[in-house]
Amino acid sequence: MSGTSPEPDRRIDRNLFITVSGPPGCGATTLVEGIAEALDCGYVSGGELFREIAAERDMSLSQLIAETGESEEIDRALDQRLRRIAEKWGAVNKAFVLESRLAGWIAGNRADIRIWLDAPDEVRADRTAEREEMTSEMQVREVIEEQRYKSYYGVDLSDRSIYDLVINTGRWDAAATLDLALTGIERYDVDADEGAFDTPDFDI
């Protein structure tokens, strides 16, 4: 994806808690950085938290991914960190962006706007070809995560109904994807909002 930064004069003064979700290679990190810059706010990514856990346990990403397939403790440790962040920023009237595949579900009704990104498998594989975590490992983690979301929390990741914006980033470059998201954020009218899909909390 090219053109990763918002236009210098596109700044948005909105105190919204926003989640961005999607599989590896969907462009979530690029979009989150652009939204955070436009809103002049902070952000946290699930990938960053996952790497933190790996570092804390003196493990490589590959080792930690393998461990998640054998123990639910690591999965829940990551999701608990995400939940604490969601609870913090969902309770204050300030802009913040939270990114992970499960961010929209974990934030639930605390989030003001929930975004889902996706792209065809071959597009995502090409984008992630140079990452430390190999494409095959990412695919394994995707399958493991989908299974655990359903098993642990009853969450069906294929259910996109909770998301306010769903974007195929294979159709637009990074700048256009950011423009779509920022337009939705900028034009969101609380008074005209007739209701998001209810997303009850679940135990982690």
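Me: Where is Asp-40 found?
Reply: Asp-40 is found in the loop between α1 and β2 (42-45). Helices (H or I, at least four residues) and strands (E, at least two) are DSSP runs, numbered from the N terminus. By the way, this is a predicted model: local features need pLDDT of at least 70, side-chain atom pairs count only at pLDDT 80 or more, and totals for chains, interfaces and linings use all residues. Residues are numbered from 1 along each chain as its sequence is written, and side-chain values use heavy atoms, leaving out hydrogens and water.

Me: Ok, is Asp-40 buried or exposed?
Reply: Asp-40 is exposed, with a relative accessible area of 71%. Buried means under 20%, exposed over 50%, and partly exposed in between (1.4 Å probe, protein chains only).

Me: And what phi does Asp-40 have?
Reply: A positive one of about 55 degrees, although Asp-40 is not a glycine. Most residues other than glycine have a negative phi.

Me: Which phi does Asp-58 have, and where is Asp-58?
Reply: Asp-58 has a positive phi of about 55 degrees and is not a glycine. Asp-58 sits in the loop between α2 and α3 (61-68), and is exposed at 71% relative accessible area.

Me: Switching to helices. At what angle do α1 and α8 pack?
Reply: Helix α1 (residues 28-39) and helix α8 (residues 174-186) pack at about 50 degrees, with axes 10 Å apart. Axes are lines fitted to C-alpha atoms, for helices over the stretch in contact, and angles run from 0 to 180 degrees between N-to-C directions. That makes α1 oblique to α8 (under 35 degrees is roughly parallel, over 145 roughly antiparallel, 65 to 115 roughly perpendicular, the rest oblique).

Me: Which residues of α1 meet α8?
Reply: Among them are Leu-31, Ile-35 and Leu-39 in α1, while α8 brings residues including Leu-178 and Ile-185. Contact means heavy atoms within 4.5 Å.

Me: What about α2 and α4, at what angle do they pack?
Reply: Helix α2 (residues 46-56) and helix α4 (residues 72-90) pack at about 130 degrees, axes 10 Å apart. That makes α2 oblique to α4. By class, their contact has 8 nonpolar, 1 polar and 3 charged residues.

Note on methods. Ala, Val, Leu, Ile, Met, Phe, Trp, Tyr, Cys and Pro count as nonpolar, Asp, Glu, Lys and Arg as charged, and the others, Gly among them, as polar.
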